[in-house]
Amino acid sequence: MTKNPIHLFFLIFLLGSILACSSQKIKEVESGVSVDLAKKRSEQISNILYQISFDIPNKLTEKITGRVTINFDLAHTEEPVILDFRESVNSIITVKSNDKTIEYEFKNEHILISDIQKGKNSIKIEFIAGETSLNRNTDFLYSLFVPDRASTAFPCFDQPDMKAQYELQLSVPLDWVAVSNAPLVDSTQQANSKQYQFDKTEKISTYLFSFVAGKFQTVTQQKNDRSITLYHRETDSVKINESLAPIFDLHFNTLEWQENYTNIKMPFKKLDIIAIPSFQYGGMEHVGAILYRASRLFLDKSATQKQQYGRASVISHEVSHLWFGDYVTMQWFDDVWLKEVFANFFAAKITNPNFPALNHDLSFFSHHYPNAYKVDRSLGANPIQQKLDNLKLAGTMYGNIIYYKAPIVMSKLECIIGEENLQKGICEYLNRYAYGNATWDNLIAILDNLTNYDLAKWSEIWIKEDGMPTISIQTTLTENGIYSQVSLFQSDPLKKNRLWEQPFEVLYVRNDIEKRFHVQLDSTQQSITPLLGLPEADFLLINGNAHGYGNIVLDEKSQKYFLKNAFQISNPLTRGIIYSALYEAVMNKKLTAMDFIKASDTFILEENEIQNIQLLLDNFRSVYWHFLSQTERLSIIESLESRLIEKISKSLSQSKKRNYYNAFISIYQSRKQHDALFKVWKFETDFYGLQLNSDNYTSLAMEMAMRNYPPESGVLHIQIDRIENLDKKEKLRFLMPTMSKDTVVRDQFFASLASPENRTHEPWVNTAMKCLNHPLRSQHATKYILPALDMLEEIQETGDIFFPHNWLSSLFFGHQSPEAASVVNDFLNQNPNYNPALRLKILQTSDLLIRAN
């Protein structure tokens with residue numbers, strides 16, 4: 001090629017443009033981890049090893065210091081290495097690259113390092129650890145880094161597809177113990193501290209890295225060649241003795257079940273379990289060190305069947321994550337639902353055999369459908385797979401849709417391709433992406449090869465679209481009362497002409513003789529020809545086997561029949577479906593709240609299936625507080641109280657007694673019952689043979705305080721003195737101002753929540769917000785709604801994944817007034833550009849408030 005000045009000028013110009021673009025990219029790095037940054041880093045960086053240490057002092061006022069060496073391979077040096085660190089630049093002490101102290105840039109919560117080399121690199125950083133996700137307490141702490149919060153504690157590549165190995169060292173106070181993802185390899189002791197060195201982990205995502213340290217009791221049990229250690233702070237010896245055997249058995253059994261199903265041995269070096277007081281979630285699947293809320297594990301003899309099943313379910317769920325989420329991890333948090341649906345789906349399969357007396361079809365229905373409907377019926381419905389542009393919003397992906405609707409959809413998928421093919425496809429998926437990352441589309445591509453059904457098309461509507469269809473039935477009769485036309489209809493409430501293809505079973509019952517008809521609903525209208533020529537039914541139930549999903553609209557005749565006779569239907573699952581459909585009829589203004597309450601009063605008296613009892617009581621309380629006025633409540637309260645007391649006194653099962661009691665103390669208002677419960681709380685009498693523990697007496701004291709009874713103060717102070725567990729004492733002290741009769745005290749407490757340091761114990765804050773916004777105090781609490789909404793974006797930034805939703809649910813808990821609804825509507829109307837994900841959360845959690853108006 002001939003040298004040409006024009007060519008030379010062009011090359012210089014091009015080089016300058018490239019450098020300018022590179023510089024521009026650095027300037028424009030945004031807070032959080034954007035899709036673009038995540039993609040570039042995963043292509044640039046590999047083979048990551050973190051060698052990290054934390055020095056944890058004895059005093060809360062002293063800072064935690066840390067050191068991290070990040071070893072990695074670099075594909076190119078065209079762009080700087082960008083580390084995430086969501087703390088002040090003042091928290092960075094020194095930075096070295098390849099053993100040389102260097103200059104660096106700090107922009108929008110990122111450390112930018114240009115002094116790097118192609119190939120192997122080692123970056124060493126000394127820092128002051130951020131404490132946002134370290135959950136420090138007086139004598140214990142625990143890390144909780146899901147979904148993108150590891151970078152709040154230490155510099156790292158905080159995205160799920162940059163898996164790494166970790167070597168952790170902890171220095172803790174002398175009387176503390178410590179546990180982490182990998183086994184302990186060494187511990188040494190100094191005058192005032194103890195050092196723990198842990199083994200190198202397998203490749204895991206940053207959100208799964210974890211450590212816990214503090215004053216814990218330990219219990220170790222072994223089965224075959226596997227041992228598990230439980231770390232806990234429970235002080236109730238009765239609960240401990242009742243709970244240890246099931247806790248360990250459930251963990252060992254779930255590990256064995258998953259190994260048999262997947263044909264993959266537990267893929268990590270060890271498994272320990274840690275019970276945390278007031279833990280933010282039911283559980284968290286950290287590799288080798290699963291964290292649980294202590295109250296979910298430790299139960300006594302009077303625990304309800306729902307609590308016992310819930311314990312088994314949460315354990316099966318979290319242990320299943322070791323394969324689904326830990327071993328194979330979603331590539332990006334838009335697919336976070338994928339790990340959750342597998343965990344929930346398998347939790348049901350694993351848990352059910354441990355409860356042989358349980359109606360498992362009813363259990364699946366009552367656990368999943370009502371909770372999924374809560375969101376899908378609202379104006380804030382979201383698809384299972386949601387769009388996510390930046391990991392700083394990953395927490396908003398979580399909610400009822402991925403935990404409750406997704407397993408319903410997964411069960412539909414299993415029906416389409418068959419149980420054997422699903423297992424075959426899942427095993428191939430796990431082996432192909434072992435210790436790596438994968439997407440939902442990767443799984444669908446595998447499963448697509450095992451069926452002739454178009455799974456990609458099916459996935460588009462069920463996984464990637466929001467909401468649910470409205471399903472109704474229309475009939476035409478001859479003069480002799482014979483069906484001449486019966487059709488099933490589905491419509492799209494959003495008028496987008498979407499079709500949810502799915503099978504339905506239509507249940508026909510006449511004179512106690514039932515017939516079931518299968519209908520594949522793959523159009524807007526489907527004739528049910530087998531019903532033609534039959535005499536008119538006493539009732540028709542569209543979703544007779546609970547395999548269909550949607551807003552099921554009852555026909556007028558069937559609804560009237562159910563209100564009078566539902567409890568007489570012999571099939572428990574059919575009754576549960578009907579009870580749920582009647583509740584949804586209230587939500588959709590097809591049934592008045594008072595008619596529902598009156599019918600439920602009878603249903604509660606006659607129903608004997610414990611799962612239906614729980615379903616009835618949950619729906620009953622919802623309608624009672626949200627859709628009846630206080631005048632209407634007082635007109636029926638004594639009758640309702642008497643009915644529930646009758647059920648408590650006559651029930652032989654402690655579990656059933658507990659269900660009725662929980663409903664009773666949540667609604668009681670009469671002076672007669674105030675006096676009776678006060679005597680129970682003072683230990684002067686029992687409550688119709690129900691066994692109460694310390695936690696129950698605390699709850700009872702709180703309910704009495706909320707009703708300003710007894711008139712004299714001191715109940716909560718006395719209850720604090722009764723409590724032996726220090727963590728529970730602190731919780732009640734925190735909550736006391738929210739139950740004060742003095743509105744000034746309550747207002748001051750609410751105002752204090754504007755400071756993040758006063759929201760450290762998020763479960764306590766959720767309970768506090770429920771107390772402040774209790775239905776009996778909602779008139780005064782209306783003034784809290786707007787400032788609480790104003791705080792939401794900060795709460796999303798500083799809180800854990802479920803906190804925004806729980807904050808809103810607790811805020812709207814007791815409100816039903818037009819004034820409260822207006823505050824919500826005005827806020828949304830005046831903020832048209834509000835964060836879309838948080839806007840959906842507001843619409844979801846305020847759904848009952850909006851419907852009440």
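## Close-ups of a predicted model

**View 1. Phe-154 and its neighbours.** Leaving aside residues up to four places away in sequence, Phe-154 touches Tyr-50, Ile-52, Phe-54, Asp-84, Phe-85, Phe-127, Phe-145, Tyr-166 and Phe-209. Keep in mind for this and every other view that you're looking at a predicted model. Phe-154 also turns up in the largest nonpolar core, which has 262 residues. Along with Phe-54 and Trp-807, Phe-154 is one of the residues with the most contacts inside that core. As a rule, nonpolar side chains in soluble globular proteins tend to be buried together.

**View 2. A second core.** Apart from the largest nonpolar core, with its 262 residues, there's a separate one made of 18 residues. Ile-471, Val-486, Val-506 and Ile-552 are among its members.

**View 3. Helix 21 against helix 23.** Here residues 726-735 form helix 21 and residues 762-772 form helix 23. Their axes come within 10 Å and cross at roughly 40 degrees. An angle under 35 degrees would count as roughly parallel and 65 to 115 as roughly perpendicular, so this pair is called oblique. The crossing of helix 21 past helix 23 is right-handed. On the helix 21 side, look for Asp-727, Glu-730, Lys-731, Phe-734 and Leu-735; they meet Trp-764, Val-765, Thr-767 and Ala-768 of helix 23. Sorted by class, the residues of this contact come out as five nonpolar, one polar and three charged.

**View 4. Helix 8 against helix 11.** Now for residues 400-417 (helix 8) and residues 455-462 (helix 11), whose axes come within 12 Å and cross at roughly 160 degrees. Angles over 145 count as roughly antiparallel, and that's why helix 8 and helix 11 get that label. Helix 8 passes helix 11 in a right-handed crossing. Helix 8 brings Val-409, Lys-412, Leu-413, Ile-416 and Ile-417 to the contact, and helix 11 brings Leu-455, Trp-458 and Trp-462. The tally for this contact is seven nonpolar, no polar and one charged.

**View 5. Asp-55 in strand 1.** Asp-55 sits in strand 1, which covers residues 45-55. Is Asp-55 buried, partly exposed or exposed? Its relative accessible area is 26%; since buried means under 20% and exposed means over 50%, Asp-55 counts as partly exposed. Not counting residues up to four places away in sequence, Asp-55 touches Lys-63, Ile-64, Thr-65, Arg-67 and Ser-171. Zoom out to find Ser-817: Asp-55 and Ser-817 are 762 residues apart in sequence, and their C-alpha atoms are 52 Å apart in space.

Notes. Residues are numbered from 1 along each chain as its sequence is written. This is a predicted model: local features need pLDDT of at least 70, side-chain atom pairs count only at pLDDT 80 or more; totals for chains, interfaces and linings use all residues. Side-chain values use heavy atoms; hydrogens and water are left out. A nonpolar core is a set of buried Ala, Val, Leu, Ile, Met, Phe, Trp, Tyr and Cys residues joined through side-chain atoms within 4.5 Å. Buried means under 20% relative accessible area, exposed over 50%, partly exposed in between (1.4 Å probe, protein chains only). Contact means heavy atoms within 4.5 Å. Axes are lines fitted to C-alpha atoms, for helices over the stretch in contact, and angles run from 0 to 180 degrees between N-to-C directions. Helices (H or I, at least four residues) and strands (E, at least two) are DSSP runs, numbered from the N terminus. A crossing is left-handed if the near helix is turned anticlockwise from the far one by less than a right angle, and right-handed if clockwise. Ala, Val, Leu, Ile, Met, Phe, Trp, Tyr, Cys and Pro count as nonpolar, Asp, Glu, Lys and Arg as charged, and the others, Gly among them, as polar.
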